[in-house]
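Subject: Structure handover

Hello,

Please find the structure we spoke about below, with its sequence. My notes follow it.

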Amino acid sequence: MLSMLLCVLYFGVLLGLSAYGLHRLHLVILCRVHRAKIARAQDVPALSDGDLPRVTVQLPLFNESTVAARLLDAVARMDYPADRLEIQVLDDSTDETQGLVRAHVERLRARGIDAVYLHRTDRVGYKAGALDAGLKVAKGELVAIFDADFIPQPGFVRSIVGHFKDPTIGMVQTRWGHLNRDVSILTQVQALMLDGHHLVENRARFGAGLLFNFSGTGGMWRKDAILKAGGWQHDTLTEDLDLSYRAQLAGYRFIYREDVVSPAELPEDISALRAQQYRWGKGTVQTARKLMATVLGAKLSRAQRIEAFFHLTPHFAYPLLVLLSVLLLPALVLFPAADTLTMVAIDLPLCTATTGSLAAFYMLAETAQGRSRWGAIVRLPMLIALGTGLAPHLSKAVFEGLRSMSGEFVRTPKQGDNKGRYRVRTDLPLTEAVLAVLSCGAVVASVQTGHYFATPFAVLFAVGYLYVAAMVAREQIARRREATSSAPAVWSDARPSDASVVGAWPRPATKERSLGDLAA
């Protein structure tokens, strides 16, 4: 009876993971089928200076002293008429960023640039709240948004503004670039993962006429589209995904421009990456809770509804992956690999579910940007290992998203020109350590029982858990030691129930202007 239950559970998990794997392959096929439409997105109508609309560039900041000046300088260099471009700095900072940014804005204003510094005395709604407050006083009919670690290029606005001549276009998303792609294997794998999102998922959904999302930064909105969709709401941690679906359900269309690239930083330590992925995972589940029934009942095509389901539920693969890690050892022990049929039934599905579709997906992400597909193949084992190592933490995010809405928006620390200024503090990775031991046992069992197809994947599971556990433990032990010294650091706490900033720098004593003052 126990063996039968284990068998059903094991193959049920494989079936679920295979479904998400086949979905990736489906996206690759859509990119191929709709490549002509995807390419035509670059044929944007040219506008004369007299026809250019007013644009507001919103820059939401929170304790970003290491990158804020770089961002402001980049936006100030944009090739767009000065009388039609507003720079709106939405600063919720509690540290020295306030003084630095306020002074920088004054220097830009002295140069004739329409720059406005807006500081809130609270963080209600976090990023969504700041964007909503800024939108109320924004001068532009179009609104571009950049996170603090981005470096928008001078031609950004001119490259995409022509799309909005069509009144049905609500948002244009551009591709993210990676400033520090080659710093380490961790940043290389992250870059590959994000390239998969932008160059496969976004291109496929756009080309096939399916719903896709604003990525939170590096895009431009029609102000009316935001307002008619219900505005920025902060009952989820992925306000960008939430608004994207509401706007498309309201009838607006989105454009994806892979040829317009905005470079940005990738997290360089595993603790920061886990915090970022936790927020994205929890927020996506919250958005699914909020909108799934509405989406599935909307007047959309069957293909749009099916794709929306997969788009809003990808993080459910992480609990399945953890469960597979737990089930693998007993499955290898209880199910003998004495014949070819058993090998095919147990080991081959594990192989195909975790590699075939991933290889095709990330090879396309590489070739779409002119890079060798072999770069994806070389990094694929580490990508699988990293995804496995992050699975326990992201499974927690899934369950938190199912249990509660909203929550604290823990921003990702930026490196910029002062590495180490902002740090993430989190719990020690005990779950990952236990799963690493279990996976090491699966490696031994796969060899002893003759499940040789399973051996490399058991190894990747073990490596992934060991890597994440070791790196997080090393970073957190070092940072706890630093916390007892005099090192001035602002700590972002990745635990969702705790405060996001511990030991923040004192606020400057200069007079602040509130949104209410400016609106008045």
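Strand β4 (residues 142-145) pairs with strand β6 (residues 219-222) through four bridges, in the antiparallel sense. Within this pair, A144 has M220 of β6 as its bridge partner. Please keep in mind that the model is predicted.

The two strands belong to an open sheet of seven, which has mixed pairing and the order β3-β2-β1-β4-β6-β5-β7. At its edges stand β3 (115-119) and β7 (253-264); each has a single partner strand, so one side of each has no neighbour in the sheet. On average, neighbouring strands are turned by 20° against each other, with direction ignored.

A helix also lies on part of this sheet. Helix α4 (residues 97-110) lies across β1 (55-61), β2 (85-91) and β3. Its direction is at about 160° to that of the edge strand β3.

The other site I looked at is D242, in helix α9 (residues 239-249). Is D242 buried or exposed? Its relative accessible area is 0%; the cut-off for buried is under 20%, so D242 counts as buried. The D242 side chain has a polar contact with the side chain of R246, at 3.1 Å. Leaving aside residues up to four places away in sequence, D242 touches Q233, D235 and T236, and also T287, K290 and L291.

Regards

Key:
Residues numbered from 1 in each chain as written. Predicted model: local features only at pLDDT ≥ 70, side-chain atom pairs only at ≥ 80, totals over all residues. Heavy atoms only, no water. Buried < 20%, exposed > 50% of the residue type's maximum accessible area, 1.4 Å probe, protein only. Polar contact = N/O pair within 3.5 Å; in protein donor to acceptor, adjacent residues only side chain to side chain. Contact = heavy atoms within 4.5 Å. Pairing = 2+ DSSP bridges. Axes fitted to C-alpha atoms, helices over the stretch in contact; angles between N-to-C directions.
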